[in-house]
Amino acid sequence: MKKQNYISNHCIIRNNKVLLNGEMLFSMENPLSYNDFIKTAFRSQQITYPKFFKMDNLSKLGFLTSELVLKSSKIKEYKENEIAVIIFNSSSSLDTDMDYYETIKDKANYFPNPSLFVYTLPNIMIGEICIRNGFKGENMLLISQQFNSIALTETVNNILNNGKAKCCIAGWVEYKRNTDNTFFQNPFYDSFLCLIEKNENDNKVNAEFNIENINKIYKS
Amino acid sequence: MVDVYIASDNIISSLGITSDENFQNCKSGNTGIVYSSETKLSQTPFYASLINWNRINNLFGKIANNALYTKLEKLLILSITDALKQINIHTSDNKTLLIVSTTKGNIELLEQENNVDIDKNRLHLWEIANIVQKYFHLANEPMVVSHACVSGLNAIILGTRLIKSGQYENVIIAGGDILTEFVISGFQSFKAISPNPCKPFDITREGITLGEGCGTIILTSNPTIIKYKEKIKVLGGASSNDANHISGPSRTGDGLFYAIDSTLKEAAIKNTNEIGFISAHGTATAYNDEMEAKALKLAGLTEIPVNSLKGFFGHTLGAAGIIESIISIHSLKNNTLIPTLGFENIGVTENIAMITQVKEEKLNTCLKTASGFGGSNAAVFYSKS
């Protein structure tokens, strides 16, 4: 049973830039660090949410992308259990895993920290988005080596086409620490989320949700 | 409409290396939880359900080189090997997909001294799946679910949907996690570990007992490959979020209720007396068990017999949903209710119908639930055809 779903908004954060529906929303030349970039980008959007600053690198990335994708959307018209969040990435929570491991590595300086440990699960990023917005629908965190538009479309369509949700925030949120011994240890980050709805909408994006369009937007 | 069947299954845990061995141990009331003072795992002694690694290495040595695989990879390969033995499918054709479920994968590779011959790339969860895929010569790129304690049920839900929509004929779902200092110290830092073996839903419960293990369920839309009688189907499944707190469950149970409600609707359950029993998550933390009891109340299920299997296996994290589903499936096959080991007196505000002893009765259906960090919940419904 093939049914057509639609992309109503999409947001990409990578290379010190934030793109909403293909338009540059924010960019920064030579930020001091990822943290400098993501916090400046967050502040530039007039979002009031102090919890953001407590999140790990991965959650900050997913959270900000979701905030922007939901901006000027009709998300409030849905019931709390009709909204799904499906996110893929490659490196799971390895960045925070490494930070947490530092706290237990040295037996003479052993200080495991629960607020760090909780972020050693990649789905916490989905939890942060759901808590912020009160979303109580379907959740799934999947890992794939690379961005996989086929797996993404299959997973989301199976949820929307079987009445499990009426809309879905879905995509790819990857944060990878640079573990090479180079002087500039910049992390790699790449975030791409879409708002996908069952019905066509009057947004200017209004693209059919299919593999071709997802690839086109992701590569833009 | 495509029906999705349980074709075969396997459990490797502290209680055995086959589903039957594990089920018989549960039926006999044997726990896999032991007291351990293994300092490589914890600075202080602890209770946990631990795998007999000598037994695993002996078994694995008969099929491959122990030095080339991590603990988790060995469990996944042994578990899938046993599940495949029970059926006839060609794993190399493009009709079969592998889904791996794990929370921390090969996290022990972060420690330099562990597995020095193993490439650190295997810290990536997708690489574990690739290794298993290559071992079994599977044609399709595997999928990986890493969703805290609901990983196993989410993998089953994902696999079921991929078969129903016609993308695959068979899905091998294999989930596992091993116990490491990383995981134990984290739960200890939360003060979530029970000083005694866990007592799910009991008034004196003091927290979680962790466990390690692996489970495999092979799902299929082709009933002709199934060799057991009274074929069991997956009738539905759903996930949800509490939207409450990243490390604390909902106070109302509404998140888990949504997952249960969506699952029962998909399974077309009109009357709750069609449900034979419920296998709850039941971690034995104060807040989790209370939340689950409230969700069962919201769903009108307080009269349905319910168990938690954590007293047998501990909390096996990414394997939990799969291992506990398999014990529940074998309860259906054997028409035998398994009690909640460690439970004595009800310690949640809703008077849910705890199963307290092994009981043989005709069973047709079962609801399995799970909940975890990040506010995640999931439910799956199993039924004899």
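A salt bridge, in this talk, is a side-chain nitrogen of Lys or Arg within 4 Å of a carboxyl oxygen of Asp or Glu. By that rule, the interface of chain A and chain B holds 5 salt bridges. Please keep in mind that this is a predicted model.

Let me stay with the two chains for a moment. One of the salt bridges joins Lys107(A) to Glu181(B), and their closest N and O atoms are 3.2 Å apart. Polar contacts can be counted as well: between chain A and chain B there are 26 residue pairs, with both residues at pLDDT 80 or more.

How many residues does each chain put into the contact? Chain A contributes 50 and chain B contributes 53. The size of an interface is often given as the accessible area lost when the parts come together. For chain A and chain B that area is about 4400 Å², with 59% of it on carbon and sulfur atoms. Within chain A, the residues that lose the most area to chain B are Phe117(A), Lys136(A) and Lys164(A), which together make up 14% of what that side buries.

Next, a helix in chain B. Is helix 4 of chain B, residues 125–135, largely enclosed or open? Of its 11 residues, 9 are buried, so helix 4 is largely enclosed by the rest of the structure. The buried ones include Trp126(B), Glu127(B) and Asn130(B). Part of the cover comes from the other chain, namely strand 5 (139–143) of chain A. From chain B itself, the cover includes helix 3 (71–85), strand 4 (96–101) and strand 5 (143–145). Just after helix 4 of chain B comes His137(B), with a positive phi of about 55°.

Now the inside of chain B. This chain is divided into domain 1, residues 5–225, and domain 2, residues 233–384. Their contact involves 65 residues of domain 1 and 67 residues of domain 2. The C-alpha centres of the two domains of chain B are 20 Å apart. Between them the domains bury about 5000 Å², and 70% of this is on carbon and sulfur atoms. On the domain 1 side, Phe23(B), Leu153(B) and Phe201(B) supply 17% of the buried area, more than any other three residues.

Across this domain interface there are 5 salt bridges. Asp9(B) and Lys333(B) form a salt bridge, with 4.0 Å between the closest N and O atoms. Several elements of domain 1 supply at least two residues each, among them strand 1 (5–12), helix 1 (19–27) and helix 5 (151–164) of chain B. Helix 5 of chain B has the largest share, 9 residues.

Last, a single residue. Where is Glu274(B)? Glu274(B) sits in the loop between helix 7 (254–266) and strand 10 (277–279) of chain B. Its relative accessibility is 34%, so Glu274(B) counts as partly exposed. The side chain of Glu274(B) reaches the backbone nitrogen of Asn271(B) at 2.9 Å. Leaving out residues up to four places away in sequence, Glu274(B) touches Ala268(B), Ile269(B) and Thr365(B).

Key: Residues numbered from 1 in each chain as written. Chains lettered and ligands numbered in written order. Heavy atoms only, no water. Domains from an automatic or database assignment. Contact = heavy atoms within 4.5 Å. Buried area = accessible area lost by both parts, 1.4 Å probe. Helix = DSSP H or I, 4+ residues; strand = E, 2+ residues; numbered from the N terminus. Buried < 20%, exposed > 50% of the residue type's maximum accessible area, 1.4 Å probe, protein only. Polar contact = N/O pair within 3.5 Å; in protein donor to acceptor, adjacent residues only side chain to side chain.
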